[in-house]
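My notes follow in the order I made them.

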Amino acid sequence: MQFFFHPLASFCHKVLIALYEKDIAFEPVIVDLGDPEEMSRFRRLSPMGQIPVLVDEQGEPIGETSVIIEYLDQRFPQAPRLLPTDTRAALAVRYWDRFYDFQVEVPMQKIVTDRLRPEPSSDAFGVEQARAQLRAAYAVIDRQLSTGPWAAGEDFTMADCAAEPGLFYANTVEPIGVEFPHAAAYLDRLMRRPAVTRVLKEAAPYFRYFPMPVKPDIAMLA
Ligand SMILES: N[C@@H](CCC(=O)N[C@@H](CS)C(=O)NCC(=O)O)C(=O)O
């Protein structure tokens with residue numbers, strides 16, 4: 001299988017965590033989103049030009065991170081299961097996966113991409129809305145994580161694969177305040193998970209391309 005991705009990109013972290021958790025062999029292919037020729041070829045795999053994409057042994061592209069992780073979990077059912085076999089429990093995992101993608105990743109990316117724009121086209125109002133959305137999400141996460149170690153309860157699942165990259169970069173653009181101790185402890189727990197530590201260490205050489213200094217200190221990770 002080939003995995004088209006970039007080591008800095010948060011949605012790519014989400015799938016890399018799943019691949020490392022389940023110890024699945026793959027061929028990594030780094031995509032340069034800034035190279036028009038490479039992108040016109042890449043759009044054959046990903047019509048919207050988005051990373052990541054997994055290409056199976058038959059050459060079939062699989063897009064959308066949650067779909068890729070469900071595919072991996074079905075094809076490689078070894079532990080850890082990232083989607084519970086119990087259908088009710090799987091709904092909760094899908095709910096929290098969607099929550100982190102839409103309520104954390106999206107506003108985090110809004111703030112980051114605004115930094116990359118030239119000043120006259122920046123969107124101060126949209127950025128303030130995104131910050132408020134992140135703070136509201138932190139409150140929900142703080143409540144949810146006060147009762148269990150992982151996003152959807154006792155077990156590490158796809159929801160945690162989704163949570164880490166969003167929260168990691170969100171904590172840089174809108175720090176998780178002291179009023180959210182469970183959310184902060186959750187991010188710390190995620191970063192110390194070996195698969196996540198590996199992803200962050202592989203991303204570290206690229207942090208200089210992030211438009212602001214990356215806040216959570218990965219130097220303290222084993
Ligand atoms: N919903 C998509 C989101 C993927 C996504 O937004 N990827 C970003 C990188 S983190 C990207 O490709 N951005 C470039 C673009 O949208 O043109 C998924 O879950 O796979």
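I took helices (H or I, at least four residues) and strands (E, at least two) as DSSP runs, numbered from the N terminus. Residues are numbered from 1 along each chain as its sequence is written. This is a predicted model, so I kept to its limits: local features need pLDDT of at least 70, side-chain atom pairs count only at pLDDT 80 or more, and totals for chains, interfaces and linings use all residues.

**Entry: overall layout**

I listed eight helices and four strands in the chain. From the N terminus the elements run β-α-β-α-β-β-α-α-α-α-α-α. The radius of gyration (taken over C-alpha atoms) is 17 Å, close to the 17 Å that the globule rule (2.2 Å times the number of residues to the power 0.38) gives for 222 residues, so the chain is as compact as a globular protein of that length. Along the principal axes, the C-alpha atoms fill a box of roughly 50 × 45 × 35 Å.

**Entry: the sheet**

I looked up the strand order next, with two strands taken to pair if DSSP finds at least two bridges between them. The four strands form an open sheet in the order β2-β1-β3-β4, with mixed pairing. β2 (27-30) and β4 (61-63) stand at the edges with a single partner strand each, so one side of each has no neighbour in the sheet. β1 (residues 2-5) and β3 (residues 53-55) run antiparallel and are joined by three bridges. In this pair, Phe4 stands opposite Val53 in β3.

**Entry: burial and core**

I called a residue buried if 20 or more other C-beta atoms lie within 10 Å of its own, exposed if 12 or fewer, and partly exposed in between, with C-beta atoms placed from the backbone. Buried residues make up 36% of the 222 residues. A nonpolar core is a set of buried Ala, Val, Leu, Ile, Met, Phe, Trp, Tyr and Cys residues joined through C-beta atoms within 7 Å. The largest one holds 61 residues, and those touching the most other members include Phe4, Ala18, Ile69 and Met158. Helix α6 (residues 158-173) gives this core its largest share, ten residues.

I then listed the contacts of Phe4, counting two residues as in contact if their C-beta atoms, placed from the backbone, lie within 7 Å. Leaving out residues up to four places away in sequence, Phe4 touches Val29, Val31, Phe42, Leu45, Ile51, Pro52 and Val53.

**Entry: domains**

Domain bounds come from an automatic or database domain assignment, which divides the chain into domain 1 (2-75) and domain 2 (87-204). Their centres, taken over C-alpha atoms, are 21 Å apart. The contact takes 13 residues from domain 1 and 15 residues from domain 2. On the domain 1 side, α1 (10-21) and α3 (65-75) each supply at least two residues, and α1 has the largest share, nine residues.

Which peptide bonds are cis? The bond from Ile51 to Pro52 is cis, with omega near 5°, and so is the bond from Ala79 to Pro80, with omega near -5°. Pro52 sits in the loop between α2 (36-42) and β3, whereas Pro80 is in the loop between α3 and α4 (87-116).

I also noted positive phi at residues other than glycine. Asp23 has phi near 55° and lies in the loop between α1 and β2; with 10 C-beta neighbours inside 10 Å, Asp23 counts as exposed. Glu64 has phi of about 70° and lies in the loop between β4 and α3; with 16 C-beta neighbours inside 10 Å, Glu64 counts as partly exposed.
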